[in-house]
Structures are given as C-alpha cells and as structure tokens.
Amino acid sequence: MTTEQVANQLVAYCRNNEESKAYQELYSPEITSIEMVEPMKEVQGFEGLAKKGEWWKENFEVHANKVSEPLIADNHFTVRFWMDTTHKPSGQRTQMNELAVYEVKDGKIWREQFFYNTGE
C-alpha cells in the first residue's frame, strides 16, 4: 500500500471505531508508538499496542471523537484527533486535540507519535 492508501484507510477505521482492524491490517509488527507522558510513553510491537489499548479502556470513557482528513508528505502523514473523554479514576471530563504523526515503511505503519497539551 502507498502512504496515501494507508492514511486514508486508517482514518476510515478510526472514524468507525475499528482500530483493531487498523492494527491487524496497517501496522508493522515492529511498530513503535510514542506518547507525550507515562505510563505508556513508548511501547513496541503488537504486544505493546495491546497493553496500551487495555490501559486506555480501563482509564477513559470516550463520549465523542472526530478524525481529520490525513495530510501526507512522502512516507509520513498526520491526522488530528479531537476527543471528549472522562477519566474514569477521577471522573474528570475533558476535551482534547491531538496530532498524530505516522511513518510508513514497506506499506505498513512502523512508527506513530502523538502530540497534545499535557497541562505541564
């Protein structure tokens, strides 16, 4: 797949809450996923993504989300996510914007990094 095809398919999956399909079809087994803060600041491979997904589900309830069209440059693309969530342990509800930057290699996403306001 080209970077544009990967980007468009990822956006479609995210808009339909089908992230698990995205991981199966679009991600490299050597994926590195990087967040701004701990506890899941950097995870590796499908096992790391699974743990990150479990942590997210345990800690956040998503009320709404929006996914932008991708912006593509060579083998990179970015997507803006907007989310309305409640942090389950604290009960605090917030809205946030997040930029995700993806790198595609051999037709698969092998690196993703997320940028957002950490409140620091």
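**Note on the aromatic contacts**

1. Trp55, Trp56 and Phe60 together make up one aromatic cluster. The structure is a predicted model, and the remarks below should be read accordingly.

2. With ring centres within 6.5 Å taken as the criterion for a pair, the count comes to five aromatic pairs. One of these is formed by Phe77 and Tyr102, which are stacked, with 4.7 Å from centre to centre and 20° between the planes. This pair links distant parts of the chain: Phe77 belongs to strand β5 (residues 76-87) and Tyr102 to strand β6 (residues 92-105), 25 residues apart. Both Phe77 and Tyr102 are buried.

3. Tyr102 also pairs with Phe114. Here the ring centres are 6.4 Å apart and the planes stand at 85°; an angle over 60 degrees counts as edge-to-face, so the pair of Tyr102 and Phe114 is edge-to-face. Distant parts of the chain are again linked, since Tyr102 lies in strand β6 and Phe114 in strand β7 (residues 108-115), twelve residues apart.

4. On burial, the threshold is under 20% relative accessible area. Tyr102 has a relative accessible area of 2% and is therefore buried. Phe114, at 9% relative accessibility, also counts as buried.

Terms used: Residues numbered from 1 in each chain as written. Predicted model: local features only at pLDDT ≥ 70, side-chain atom pairs only at ≥ 80, totals over all residues. Heavy atoms only, no water. Phe/Tyr/Trp six-rings, centres within 6.5 Å; stacked < 30°, edge-to-face > 60°. Helix = DSSP H or I, 4+ residues; strand = E, 2+ residues; numbered from the N terminus. Buried < 20%, exposed > 50% of the residue type's maximum accessible area, 1.4 Å probe, protein only.
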